[in-house]
Amino acid sequence: MPVIDFANPTRILNVVNRVLPWLITATLILFVIGLYRVMNAPDDYQQGATVKIMFLHVPAAWLGMFGWGLMSIAALGTLVWRHPLADVAGKAAAPIGTVFTLICLVTGSLWGRPTWGTYWVWDARLTSMLVLLLLYLGVLALYWTAEDPGRGARAAAVLSLVGAVNLPIIKFSVDWWNTLHQPASVFRMGGSSIDPALLTPLLIMALAFTLLFLTLHLAVIRNEILRRRVRSMRLLQAQKLAEASA
Amino acid sequence: MSAFASLLRRDMRLSVRVGGGALMGALFFLVVVSMIPFAIGPDLALLARIGPAILWLGALLASLLALDRLFATDYEDGSLDLLMMGGMPLELAVATKAIAHWITTGLPLVIIAPLLGLMLNVDLHALGWLALTLAAGTPALTFLGLIGAALSVALRRGGLLLAVLVLPLTVPVLIFGVAATNAAIVGSAPFGPPFTILCALSLVSLVLGPIAAAAVLRHGLE
Amino acid sequence: MNLGPHADFIIAAYAVTIFVIATLIAWVVLDYSAQQRILGDLEKRGITRRSQRKS
């Protein structure tokens with residue numbers, strides 16, 4: 001299929017309808033394997049069983065950031081290459097990315113309570129993810145509440161790109177800020193070199209969540225194409241009625 | 001007179017007139033900073049400690065409120081369309097409006113900040129440094145807010161949307177601005193690094209803001 | 001499976017994740033059926049897209 005075919009909504013719908021069942025199956029299989037490995041994963045020597053929260057928290061963080069990356073690429077497609085369906089891809093990624101960022105923050109908070117003694121701390125990574133959530137909510141507001149979907153999408157595309165540029169800056173500045181105010185207690189996160197017994201379940205769960213993201217992304221793209229179809233048909237109907245009564 | 005200069009003069013004139021909102025921002029700043037001690041209590045030591053943060057937050061909020069009308073009035077009377085169709089590149093026109101906005105709205109904030117700092121018991125010698133950091137940082141607030149202002153006029157939404165969109169982007173400016181001011185007051189950390197980063201943020205937003213705002217106006221208003 | 005002294009937090013984390021993702025999936029599925037229903041409704045009333053009329 002030449003690339004230009006990806007500009008045709010009907011083609012996209014056909015592709016999604018064919019691919020989606022396979023993706024759903026693959027996602028389910030990976031989650032079954034992943035959860036089995038998670039249940040049998042050893043306890044961390046410092047944190048005990050609470051390390052099992054990591055298998056949710058870390059993939060959620062990765063996918064929250066991945067979602068913004070997807071939106072930025074889609075934004076380039078909308079603004080630079082004028083691809084007709086790029087804004088659909090961007091709009092579809094926004095709610096999924098928001099959900100994963102939210103999961104990251106909540107599971108992180110629940111992980112923090114037993115390990116650090118507090119639900120929240122102004123750690124650089126936590127704060128950056130919080131700002132990411134706020135940016136996501138802003139983009140959601142633009143994509144999903146504009147009366148004209150095309151116009152809202154273009155505005156959201158600009159904000160996605162501005163956010164993409166600003167996210168490293170925010171990350172850097174929050175890092176700086178966190179080192180200015182030293183945390184009250186110095187803690188270690190169990191080391192960056194993760195034992196393979198924990199690394200493998202983590203990677204499997206990450207893959208499972210990624211497939212979940214892609215599945216949901218395609219499903220929301222399909223819904224959005226249908227929604228636009230409904231809108232154009234209603235506009236057509238209204239136009240005909242206006243002509244008939246004129 | 002060049003197009004840049006005439007647009008600059010026009011915007012500055014309009015904003016100092018009645019309904020322009022030039023000094024309203026400074027007044028809002030004054031009011032907000034006056035309310036804080038009512039909420040926190042008259043503990044002078046505490047106020048001195050958080051004074052810089054309060055002043056920065058007040059400046060941020062005052063800038064945001066004034067940005068609402070940056071494009072709104074032009075959109076309403078059609079001059080925004082003229083600017084978009086005119087010979088001047090849209091990015092430059094938008095940047096010119098932002099510069100005018102900063103001169104009439106941001107600069108008064110910088111000027112009255114030392115006075116408000118006195119009310120918050122900030123050290124006298126630090127007031128000058130405070131004004132300097134605000135002078136370096138408020139342009140960043142204006143130029144980043146430009147993007148929100150363009151978004152809210154392109155989508156015909158109210159001011160709260162602008163605040164929601166712009167505030168996360170201004171987090172680095174706030175962090176480094178307060179860090180620089182605290183460094184000047186307490187003296188434990190060097191003033192240079194956060195201040196130069198603050199200047200860098202302003203310069204980056206000087207470029208990024210108009211480009212993004214122009215893109216929003218072009219794509220959103222077609 | 002022994003989850004140790006902090007079992008509540010681990011269970012809460014998994015519960016929240018499952019709940020939130022289930023809500024997302026539910027939204028996607030319900031939205032799909034709603035759009036399909038509206039499209040079927042419109043087609044029944046004789047309103048079609050321009051490209052459909054050619055086929």
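How far apart are the nearest C-alpha atoms of chain B and chain C? In this predicted model, those atoms are 23 Å apart, and chain B and chain C do not touch. Two pairs of chains are in contact, and of these, chains A and C share the most contacts. The points below take the two contacts of chain A in turn, beginning with chain C.

**Chain A with chain C**

- The contact between these chains brings together 31 residues of chain A and 23 residues of chain C.
- On the side of chain A that touches chain C, helix H3 (86-116) and helix H6 (196-245) of chain A each supply at least two residues.
- H6(A) provides the largest share of that side of chain A, with 13 residues.
- Sorted by class, the side of chain A that touches chain C consists of 19 nonpolar, six polar and six charged residues.

**Chain A with chain B**

- Here the contact draws on 24 residues from chain A and 21 residues from chain B.
- On the side of chain B that touches chain A, the elements giving two or more residues are helix H7 (124-154), helix H8 (159-169), helix H9 (171-186) and helix H10 (192-220) of chain B.
- Among these helices, H10(B) makes the largest contribution to the side of chain B that touches chain A, namely six residues.
- By class, the side of chain B that touches chain A has 19 nonpolar and two polar residues, while charged residues are absent from it.

How values were computed
Residues are numbered from 1 along each chain as its sequence is written. Chains are lettered from A and ligands numbered from 1 in the order in which they are written. This is a predicted model: local features need pLDDT of at least 70, side-chain atom pairs count only at pLDDT 80 or more; totals for chains, interfaces and linings use all residues. Two residues are in contact if their C-beta atoms, placed from the backbone, lie within 7 Å. Helices (H or I, at least four residues) and strands (E, at least two) are DSSP runs, numbered from the N terminus. Ala, Val, Leu, Ile, Met, Phe, Trp, Tyr, Cys and Pro count as nonpolar, Asp, Glu, Lys and Arg as charged, and the others, Gly among them, as polar.
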